[in-house]
Amino acid sequence: MGGGPCASCKLLRRRCSKDCVFAPYFPPDEPHKFAMVHKVFGASNVSKMLQEVPVHQRADAVSSLVYEANARMRDPVYGCVGAISYLQNEISRLQMQLAVAEAEVLVCMDQMQMPQPQSDHEKCLLSASSDNVSLCDFQNYRSFNNHHTIQDPLKRESIWY
Amino acid sequence: MNSSRCAACRHLRRRCPSDCIFSPYFPSHDSKRFRCVHKIYGASNVAKMLQELPADRRAEAADSLYYEAYCRLKDPVYGCVGTITILCQQIHNAQCQLATTQAEIASLSAHSGLQNQYPATPTFNLIDQYDVASANWSDFNLQ
């Protein structure tokens, strides 16, 4: 390659071949990106994961691996799961607020003796995620954790609940 | 002897010592759990990560590593980052719906002369801190 070895081959101290699987995604001017994924996942695991993904999706795969590695290094206990738990709690809080606000709309309309809204409209407002892409079963960390937690006598009260 | 090995040592075909770093968190009856984390992180990386943590945090770390590995196997492109993206979108939509509903309350209250009992929820942009696209990697200082 004209620009010298990619960040991964530089770190691994090897020759950067023209078909290096890392080169398109780990340029030499961003050494920290590869250093993070190597520390968390290992170069050979990253290589295998990239080879199992279609070429046109590898850039996205690398971005998400870098994001996860970064999160894991900032938070060695929870990694990305800390963010997921926080966001799930935030959605629950917002849905409760939405339910309260919708109830207040009904009270206001009742007090003004206005016709009640259609039940479908009411259901739409109460369901914050009705128009959203929903999480698959495995993506919901709370239910995943309920089924897969290891019981550890040393385990303190979790911040997840 | 074989039945006392943890799932990790069974998978790695080695003796399971009494101080095995894996055995409290990868019991022999759940081989899938270790296979997942081994496939994504590798046994030695998992061992290093657990060893760098205080003993009372390792169970939670093992759980979160399993979850992330499981998500990555289910979605090899986005892993659990896909989940974060969906959650951020759901939060954004919920905030919009809440703002709309609160505006409706304010409008109804203004018409009727009723006092609004519920102050507007401050809608700070929570999702920015989890925005995958704008994450600045160079800020992170590697040890």
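1. Start between the two domains of chain A. One residue pair is in polar contact between domain 1 of chain A and domain 2 of chain A, both residues being at pLDDT 80 or more. A polar contact here is a pair of N or O atoms within 3.5 Å; within protein, one must be able to donate a hydrogen and the other to accept it, and residues adjacent in sequence count only if both atoms are side-chain atoms. The count of salt bridges between domain 1 of chain A and domain 2 of chain A is zero. A salt bridge is defined as a side-chain nitrogen of Lys or Arg within 4 Å of a carboxyl oxygen of Asp or Glu.

2. A word on the basis of these values. This is a predicted model, in which local features need pLDDT of at least 70 and side-chain atom pairs count only at pLDDT 80 or more, while totals for chains, interfaces and linings use all residues; side-chain values use heavy atoms, leaving out hydrogens and water. Residues are numbered from 1 along each chain as its sequence is written, and chains are lettered from A and ligands numbered from 1 in the order in which they are written.

3. Back to the domains. Chain A is divided into domain 1 (7-74) and domain 2 (77-113), with bounds that come from an automatic or database domain assignment. The centres of domain 1 of chain A and domain 2 of chain A, taken over C-alpha atoms, are separated by 39 Å. Four residues of domain 1 of chain A are in contact with four residues of domain 2 of chain A, contact meaning heavy atoms within 4.5 Å. Between them, domain 1 of chain A and domain 2 of chain A bury about 310 Å², 61% of it on carbon and sulfur atoms. Buried area is the accessible area (1.4 Å probe) that two parts lose on being put together, summed over both.

4. Chain A as a whole has seven helices and zero strands. Helices (H or I, at least four residues) and strands (E, at least two) are DSSP runs, numbered from the N terminus. Buried residues make up 45% of the 161 residues in chain A; buried means under 20% relative accessible area, exposed over 50%, and partly exposed in between (1.4 Å probe, protein chains only). Of the contacts in chain A with a separation of 6 or more, 48% are between residues 24 or more positions apart.

5. The UniProt record, an unreviewed entry, lists residues 4-105 of chain A for "domain: LOB". UniProt positions are given in the numbering used here, feature names are shortened, and annotations may be inferred rather than shown by experiment. Over residues 4-105 of chain A, the chain is 67% helix and 0% strand, and the end C-alpha atoms are 64 Å apart.

6. What is Ser8(A) in contact with, leaving aside its neighbours within four places in sequence? The residues are Phe22(A), Phe26(A) and Phe34(A). Ser8(A) is found in helix H1 of chain A and is buried, with a relative accessible area of 0%.

7. The structure holds six salt bridges over all chains. Side chains of opposite charge can pair when their charged atoms come close. One of the salt bridges joins Arg93(A) and Glu90(A), with the closest N and O atoms 2.5 Å apart. Arg93(A) and Glu90(A) both lie in helix H5 (residues 80-111) of chain A, three residues apart, about one turn of the helix. Arg93(A) is partly exposed at 34% relative accessible area, whereas Glu90(A) is buried at 7%.

8. In chain B, Asp63(B) forms a salt bridge with Arg33(B), the closest N and O atoms being 2.9 Å apart. This pair links distant parts of the chain, 30 residues apart: Asp63(B) is in helix H4 (residues 58-74) and Arg33(B) in helix H2 (residues 31-40) of chain B. Asp63(B) is buried at 3% relative accessibility, and Arg33(B) is buried at 1%. Glu60(B) and Arg57(B) also meet through their side chains in a salt bridge (3.4 Å, N to O). Glu60(B) is buried at 2%, while Arg57(B) is partly exposed at 28%.

9. Last, a backbone point. Most residues other than glycine have a negative phi. Phi of Arg13(A) is near 55°, a positive value, and phi of Arg13(B) is also near 55°. Arg13(A) sits in the loop between helix H1 (7-12) and helix H2 (31-40) of chain A and is exposed at 77% relative accessible area. Arg13(B) is in the loop between helix H1 (7-12) and H2 of chain B and is exposed at 76%.
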